[in-house]
Amino acid sequence: MTAMRQTPLTCSGHTRPVVQLSFSDVTSDGYYLISACKDGKPMLRKGDTGDWIGTFEGHKGAVWGVALDHKALRAATASADFEAKIWNSIDGTVLSSLPHKHIVKCVAFSGDDSKLVTGGNEKVIRVYDLNRLDEEPIKMDGHTSSIRQALFLNDDKCLLTASDDHSIRLWDLESQEEVRKLVFPEIPNDVELSRDGRVLTVATSTKVILYDIDNLDTHSASRIYETPTKVYSASLAPDNSVFVCGGDDFQMYKYSFEDGKKLDSFKGHFGPVHSIRFSPDGELYASGSEDGTVRLWQTVVGRTYGLWKCESSNTSSKQSFPQPVGELEKV
């Protein structure tokens, strides 16, 4: 039997490191992928093929964070130009610019897409009501260093934030108070809530730590797995069967969720891997790297899906896309 080889799809177009990725849910037109890059020009792509749809033009600094709402109708971006922006992802127009007092590092939509959370070097969490953007956002503080990620959980009743102050904090939105704090020896580089909302995946140092969200406590991690390199990002498959991670050594690693057994490792990037996310259907995962590319990888190598065809280990063909130009095209 001939072994199958992993052939990632390479999506070029960015000119500087790709630092964050976000998928939409599956919509009637498929699903979509948005990438944040230090070149200040986030890009929208078809999620299953990597085909470029367009580039959001308007930021005047590096874009550190991106998010798509669940139907992929709106995008949100966080930038070094002290602004977060909300975009119409169909025609690329800016729906709203949200000024901040320092670099914005992260954005996330709530589960019902009615709210947006932002965070960054200001160390302040802002929660915007997207139906009342003329009103002041809710503000919460407590972190002592830059906030690198924020997300909604527990049916949008709570927020979870990760910071360079080595902590992950849980906030109650009704009381606007911090209700829990997890402290780590090193910075939590990446946090992700599973598709079913039950598992929190944390990448820190050379570890991937998985928590039961209903028992979120510093000493109650359900699984702690060591990796061969410093990891910057990790993502759990939608069916909670495997997780993937990447970091300093340019490699992509895939592990069993249940016992932490390493299942695969692949090298394709030419720089550290900054972000990894599974697609909403679990068929692939995307990675963004210091090398300025986004790559798509098959969860089950050799399965016919999207642009992939079944290939044997002696096949040397590679698939890539030309560099896109221009502003966001109408679709």
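**Reading strands, rings and cores**

Trainee: Asp 129 in strand 12 is the bridge partner of Lys 115. Through what do strands of a sheet pair?

Mentor: First, the model: it is predicted, so local features need pLDDT of at least 70 and side-chain atom pairs pLDDT 80 or more, while totals for chains, interfaces and linings use all residues. Residues are numbered from 1 along each chain as its sequence is written, and side-chain values use heavy atoms, leaving out hydrogens and water. Now the general idea: strands of a sheet pair through backbone hydrogen bonds, either parallel or antiparallel. Here a pair needs at least two DSSP bridges between the strands. Strands are DSSP runs of E, at least two residues long, numbered from the N terminus; helices are runs of H or I with at least four residues. Strand 11 (residues 115–120) and strand 12 (residues 124–129) run antiparallel, joined by four bridges.

Trainee: What is the strand order in the open sheet of four strands?

Mentor: The order is 10-11-12-13, with antiparallel pairing. Strand 10 (104–109) and strand 13 (138–141) are the edges, each pairing on one side only. Neighbouring strands of this sheet are turned by 20° against each other on average, direction ignored. The axes are lines fitted to C-alpha atoms (for helices, over the stretch in contact), and angles between N-to-C directions run from 0 to 180 degrees.

Trainee: What describes a pair of aromatic rings?

Mentor: The distance of the centres and the angle of the planes. Rings of Phe, Tyr and Trp (its six-membered ring) pair with centres within 6.5 Å; planes under 30 degrees apart are stacked, over 60 edge-to-face, the rest tilted. This structure holds seven aromatic pairs. Take Phe 243 and Tyr 255: their centres are 5.2 Å apart and their planes at 15°, so the pair is stacked. The pair links distant parts of the chain, with Phe 243 in strand 23 (residues 242–247) and Tyr 255, twelve residues apart from it, in strand 24 (residues 251–256).

Trainee: Is Phe 243 buried or exposed?

Mentor: Buried means under 20% relative accessible area, exposed over 50%, partly exposed in between (1.4 Å probe, protein chains only). Phe 243 counts as buried because its relative accessibility is 0%. Tyr 255, at 3%, is buried too. Compare Leu 95 in strand 9 (residues 94–99): at 49%, it counts as partly exposed.

Trainee: Which charged residue sits over the ring of Trp 64?

Mentor: Lys 105, with its charged end 4.8 Å from the ring centre. The criterion is NZ of Lys or CZ of Arg within 6 Å of the ring centre and within 35 degrees of the ring normal. Arg 223 lies over the face of Phe 257, at 4.2 Å from the ring centre.

Trainee: Where do nonpolar side chains tend to be in soluble globular proteins?

Mentor: They tend to be buried together. A nonpolar core is a set of buried Ala, Val, Leu, Ile, Met, Phe, Trp, Tyr and Cys residues joined through side-chain atoms within 4.5 Å. The largest one has 16 residues; Leu 160, Ile 168, Val 191, Leu 200, Val 202 and Tyr 211 touch the most other members. Strand 15 gives the most to this core, with three residues. Contact means heavy atoms within 4.5 Å. Setting aside neighbours within four places in sequence, the contacts of Ile 168 include Leu 160, Phe 184, Val 191 and Val 202.
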